[in-house]
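Please look over the sequence and the three-dimensional structure shown here before reading on. The report that follows goes through selected parts of the structure one at a time.

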Number of protein chains: 2
Amino acid sequence: MSQEIRILLIDDEAAIRDIIKINLKSQGYKIDAAVSGQMGLAKAVEFHPHLIILDLGLPDMNGYEVLKEFRKWTSVPIIILTVNDDEATKVRLLDAGADDYLTKPFGAPELLARIRVGLRHNEFKEATPVFRSGDLEVDLNQKRVSVDGRPVRLTNTEFEVLSRLVRENGKVVSQSVLLKQIWGHHAEDQSHYLRIYIKHLRTKIEKDPSKPKHIVTESGVGYRII
Amino acid sequence: MSQEIRILLIDDEAAIRDIIKINLKSQGYKIDAAVSGQMGLAKAVEFHPHLIILDLGLPDMNGYEVLKEFRKWTSVPIIILTVNDDEATKVRLLDAGADDYLTKPFGAPELLARIRVGLRHNEFKEATPVFRSGDLEVDLNQKRVSVDGRPVRLTNTEFEVLSRLVRENGKVVSQSVLLKQIWGHHAEDQSHYLRIYIKHLRTKIEKDPSKPKHIVTESGVGYRII
DNA sequence: AAGTTTTTTACGGATTTTATACGGATTTAT
DNA sequence: ATAAATCCGTATAAAATCCGTAAAAAACTT
């Protein structure tokens, strides 16, 4: 379903590295780890992380230098971990481009929550989820649909139906699920609603509505998009 | 030179409020303060802060509710202050949309640094100073609008509506969000305000107001700019 | 006090959604 | 394989909602 999220962990202490790695993996993030600032900088280039966790007190460069190196070319969120509770250091690092600063000891839930905050900030910069298939283009964020580049006007409900199908990206979506999600629980077996909106959608987005190429019906089950 | 930065401070303890206010003012920020969540929500509408500082432990609503109210209509950075060091609370608030969470006691320099972090996140979003599309030109900074090079006089409210649409740059903006942002929460379903101002705008900026090319209505949802 | 801007109220047309009906297609059971 | 049963596509019309427009009262500006 949604694309993998990559996190780069830079920490020289094996014990901490492992704990954090386990926690991150349990959330489904893809992790790459580096044991030094140099290595971290190198790995970031190919790994293209969505977020970086940087532990201060690295052997080779001090964390401040590493951070400044990163900020020369990327604005990816960086969370600093440290035992150092000195306020001046905190301020220096935050002003150098760090997005957050966590002082040990801290709990894993807090780290994970702060990671989510960091990812949230960048989420709109991330690829706009736009579905494309042949002549059809559906932009879920902007609520826009086009066929052959021409914008197509959809009503609200039409868009609701279409976006449900698009989000499942080719998987069949059962009628009852669609009905429940869009019209509410009580409408679970009012399948005529769907029939009508599928019809509307097809006349709007299919070249030949009687031979649908995009919205395929799976008889007895539901619909899916191709 | 650069435009003023507005910060809204919501805190019921006068002593803390004053200390923070002094610190913020010394940095050149413009401050508005509220002593309760309700008042904070109300003030935010007209004050349009670039950042909000929210102290938990307010008398009327709990901070969590206030935060969620804000997140229904604005993505402005929110920093939480609290004496409560409970991790579960932290996680809950961060996940509800808070951008940072500071536990008292903390130093003013750290707060200021974290404010800078929050402002940094939004600065590129502000960076759409002038919008152009066909004959229409909207300069958000200078509050100027022109069609075919001729300046167009807009009233305050008209400009508010237009700038909201421009900032979303083509995305649909729902009626309820527009109403909440411009007229306040209570106006969420007073759609006639919008109808009227959209009408005004169209007669001012569209060549043929009955066939709008710039301000398009998405029936049942809201409006968007093209 | 005159002019501008915002709020309030009202109405009719346009769009969208819901409702109903029927015949063809597809699946299921014999 | 064929008939029955179910499911799906289509057409049409009624109902509900939404949107544009006008005009005037109230609130603000100057």
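## The surface near DNA strand C

Sorted by class, the surface near DNA strand C has 4 nonpolar, 12 polar and 2 charged residues. This structure is a predicted model, and that should be kept in mind throughout. In total, 18 residues surround DNA strand C, and the closest of them are T155(A), T157(A), T155(B), N156(B) and T157(B).

Both protein chains contribute helices here: α6 (156-167) and α8 (191-205) of chain A, along with α6 (156-168) and α8 (191-205) of chain B, each supply at least two residues of this surface.

## The surface near DNA strand D

Around DNA strand D there are 26 residues, of which the closest are R195(A), T217(A), R195(B), T217(B) and S219(B). At least two residues of the surface come from α8 of chain A, and at least two from α8 of chain B.

## How two helices of chain A meet

In general, a pair of packed helices is described by the angle between their axes and by the distance between those axes. The axes of α6(A) and α8(A) come within 10 Å and cross at roughly 90°, and the two helices are therefore roughly perpendicular to each other.

On the side of α6(A), the contact is made by T157(A), E158(A), V161(A) and L162(A), while α8(A) brings Y197(A), H200(A) and L201(A). By class, this contact of α6(A) with α8(A) has 4 nonpolar, 2 polar and 1 charged residues.

## A buried tyrosine in chain B

Y197(B) has its place in helix α8 of chain B. Is this residue buried or exposed? Y197(B) is buried, because 20 other C-beta atoms lie within 10 Å, and a count of 20 or more is what the term buried requires.

Apart from its neighbours within four places in sequence, Y197(B) is in contact with T157(B), E158(B) and V161(B). By contrast, the C-alpha atoms of Y197(B) and I16(B), which are 181 residues apart along the chain, are separated by 42 Å.

## Strands and hairpins

In chain A, strand β11 (residues 215-218) and strand β12 (residues 222-225) run antiparallel and are joined by 4 bridges, with Y223(A) in β12(A) as the bridge partner of T217(A). The hairpin of β11(A) and β12(A) has 3 residues between the strands, and in this hairpin G220(A) takes a positive phi near 80°.

In chain B, strand β12 (residues 222-225) pairs with strand β11 (residues 215-218) in the antiparallel sense over 4 bridges, and E218(B) stands opposite G222(B). Strand β10 (residues 173-174) of chain B also pairs with β12(B) in the antiparallel sense, over 2 bridges, with V173(B) standing opposite Y223(B). In the hairpin of β11(B) and β12(B), which has 3 residues between the strands, G220(B) takes a positive phi near 80°.

## Where the two protein chains touch

The contact between the chains takes 19 residues from chain A and 20 residues from chain B. On the side of chain B that touches chain A, α4 (87-95) and α5 (108-123) of chain B each supply at least two residues, and the largest share, 7 residues, comes from α5(B). The residues on this side of chain B divide into 7 nonpolar, 5 polar and 8 charged.

Conventions. Residues are numbered from 1 along each chain as its sequence is written. Chains are lettered from A and ligands numbered from 1 in the order in which they are written. This is a predicted model: local features need pLDDT of at least 70, side-chain atom pairs count only at pLDDT 80 or more; totals for chains, interfaces and linings use all residues. A residue is near a molecule or strand if its C-beta atom, placed from the backbone, lies within 6 Å of it. Ala, Val, Leu, Ile, Met, Phe, Trp, Tyr, Cys and Pro count as nonpolar, Asp, Glu, Lys and Arg as charged, and the others, Gly among them, as polar. Two strands pair if DSSP finds at least two bridges between them. Two residues are in contact if their C-beta atoms, placed from the backbone, lie within 7 Å. Axes are lines fitted to C-alpha atoms, for helices over the stretch in contact, and angles run from 0 to 180 degrees between N-to-C directions. Angles under 35 degrees count as roughly parallel, over 145 as roughly antiparallel, 65 to 115 as roughly perpendicular and the rest as oblique. A residue is buried if 20 or more other C-beta atoms lie within 10 Å of its own, exposed if 12 or fewer, and partly exposed in between; C-beta atoms are placed from the backbone.
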